[in-house]
Amino acid sequence: MTWQPYYAGHGNPPASAEDRVALPAAPPWREFPRRPLHRQFVPPAGLVEAVNAALALRRPLLVTGPAGSGKSTVIEQVAAELDLGTVLRWHITSRSGLTDALYRYDALGRIHAQRLQGPAGGDDIAPFLRMGPLGTALLPADRPRALLVDEIDKSDLDLPSDLLDVLERGEFEIPELARYGTDVVAVREWQGDRHHEIHRGRVQCTEFPFIVMTSNGERDFPAAFLRRCVRFTMPLPTPETLLRIVEAHMGAGTAGTPEAGRLVRTFLDRLGAGESLAVDQLLNAVHLLSGTDAPDEARRRAVEDLILRELSHA
C-alpha cells in the first residue's frame, strides 16, 4: 500500500494516457470473481458439533453473530468437505417472500409471448418458470443440496413462520403447474441451465437440504421457528482468532506486523466498549495502514477513524 494520492481533488484529467495514475490492486477479499475462503476458515469451539447435529437431524442451522464473523463461510466449508455441490444462496431483504424463494413465474412475459405468437402459437409455460433457491434445494436428489439463507433477521416479520410448513414437510406446490394441461413440465433450476421434471406441480424432496440461516442478532424469532432449528452463536473473537483471519485474507506474515497487532487490540477494545464493528472493517484498516509506505500519525488516525466507524452511526 502506498500513500501517494490517487485522487487529488482538482478535477483535471491527465494530459495523456501515460500520465494516468496507477490505481492500487484490490484487497484479496474484494477481488472478483470472489475466491472461496473455506480452506482458511477455522470453526470456533462448538460449531463442528452444531453442524453435525443439523446434518444428523435434518434441521436448519441458525448461526448468529456479528457481521464478518464467518457465518456464511460455514456452509462453504461444509459443502466442499461433504461434496454437496455449489451452495445455493438466498439473500434476505425486507421484501423477501416465501413464494419467490420456491419458484419464479413470469406471467406477464408469458402473456406477451402469446400475443406475439397469435392464435397459432403455442402455450408452453416452461420458459416462464424457474425454481428459486429454496425450491431448487428441495428438488429430489441423491445427496442433500446446500442452501444459505443469509441475514434472515432482515426479513418481514412473517417470513420465519411462513417457512415452517415447507421446512417440516419438505414439499410444496406450484399452483400454475397443478392446473396446467400437461402433467410433466421441465423447469429450470435456480443456478445454471439444468432442468428438472415437475409432476402435476408437486415438488417433494428426497434428501432434506443442509440449510444454514445467518442472523446478526438484530431481532427475535418465533419460538416455533427456533424449536425447529439447531442454534449456534459465534463467540466473541480473540486476538488469536482475528490475527488468523487477517493472515488468511492477506497472506502469511501480515498478522505479524506491529500495525496489524495494534489494530487488532484497538478493534477488540472498541468491541469491548460496546461498539458495533465488523471484522471486514478490521481487514480494511489493516490493508490501508500496514503497507510499506505507512502514513504519518495524523493521516493514520484519520484513516483509522474513517474505517473503524461504529456501524450504528454509519
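1. **Basis.** This is a predicted model, in which local features need pLDDT of at least 70, side-chain atom pairs count only at pLDDT 80 or more, and totals for chains, interfaces and linings use all residues. Residues are numbered from 1 along each chain as its sequence is written, and side-chain values use heavy atoms, with hydrogens and water left out.

2. **Largest pocket.** The largest pocket holds about 1,200 Å³ of space. Its lining has 44 residues, and Gly 68, Gly 70, Ser 72, Thr 73 and His 249 are the closest to its centre. A pocket here is an open set of points on a 1 Å grid over the protein atoms alone, where a 1.4 Å probe fits, with protein on both sides within 12 Å along at least five of seven lines; lining residues have an atom within 4 Å of a point. The volume is the space filled by probe spheres set on the points.

3. **What lines the largest pocket.** Helix 2 (71-82), helix 9 (239-250) and helix 11 (279-289) each supply at least two lining residues. Helix 9 gives the most, with six. Helices are DSSP runs (H or I, at least four residues), as are strands (E, at least two), numbered from the N terminus. By class, the lining has 21 nonpolar, 13 polar and 10 charged residues. Asp, Glu, Lys and Arg count as charged; Ala, Val, Leu, Ile, Met, Phe, Trp, Tyr, Cys and Pro as nonpolar; the others, Gly among them, as polar.

4. **Second largest pocket.** Its volume is about 290 Å³. The lining has 17 residues, with Thr 136, Ala 141, Arg 145, Glu 189 and Arg 194 nearest the centre. Six are nonpolar, six polar and five charged.

5. **Aromatic pair.** The ring centres of Phe 221 and Phe 225 are 5.4 Å apart and the planes meet at 45 degrees, so the pair is tilted. Rings of Phe, Tyr and Trp (its six-membered ring) pair if their centres lie within 6.5 Å; planes under 30 degrees apart are stacked, over 60 edge-to-face, the rest tilted. Phe 221 is buried at 13% relative accessible area, and Phe 225 is buried at 1%. Buried means under 20%, exposed over 50%, partly exposed in between (1.4 Å probe, protein chains only).

6. **Ser 69.** This residue sits in the loop between strand 1 (61-64) and helix 2. Ser 69 is buried, at 18% relative accessibility. Its side chain reaches the backbone oxygen of Pro 66 at 2.7 Å. Beyond neighbours within four places in sequence, Ser 69 is in contact with Met 234 and Val 279. Contact means heavy atoms within 4.5 Å.

7. **Val 149.** Strand 5 (146-150) contains Val 149. At 2% relative accessibility, Val 149 is buried. Val 212 is 63 residues away in sequence, yet 6.1 Å away in space, C-alpha to C-alpha. Leaving aside neighbours within four places, Val 149 is in contact with Trp 90, Ile 92, Ile 211, Val 212, Met 213 and Thr 214.

8. **Backbone points to check.** The Phe 32 to Pro 33 peptide bond is cis, with omega near -5 degrees. Pro 33 lies in the segment before helix 1 (47-57). Asp 83, not a glycine, has a positive phi near 55 degrees. Asp 83 is in the loop between helix 2 and strand 2 (88-91) and is exposed, at 59% relative accessibility. Glu 151 also has a positive phi, about 60 degrees, without being a glycine. Its loop runs between strand 5 and helix 6 (159-169).

Key: A polar contact is a pair of N or O atoms within 3.5 Å; within protein, one must be able to donate a hydrogen and the other to accept it, and residues adjacent in sequence count only if both atoms are side-chain atoms.
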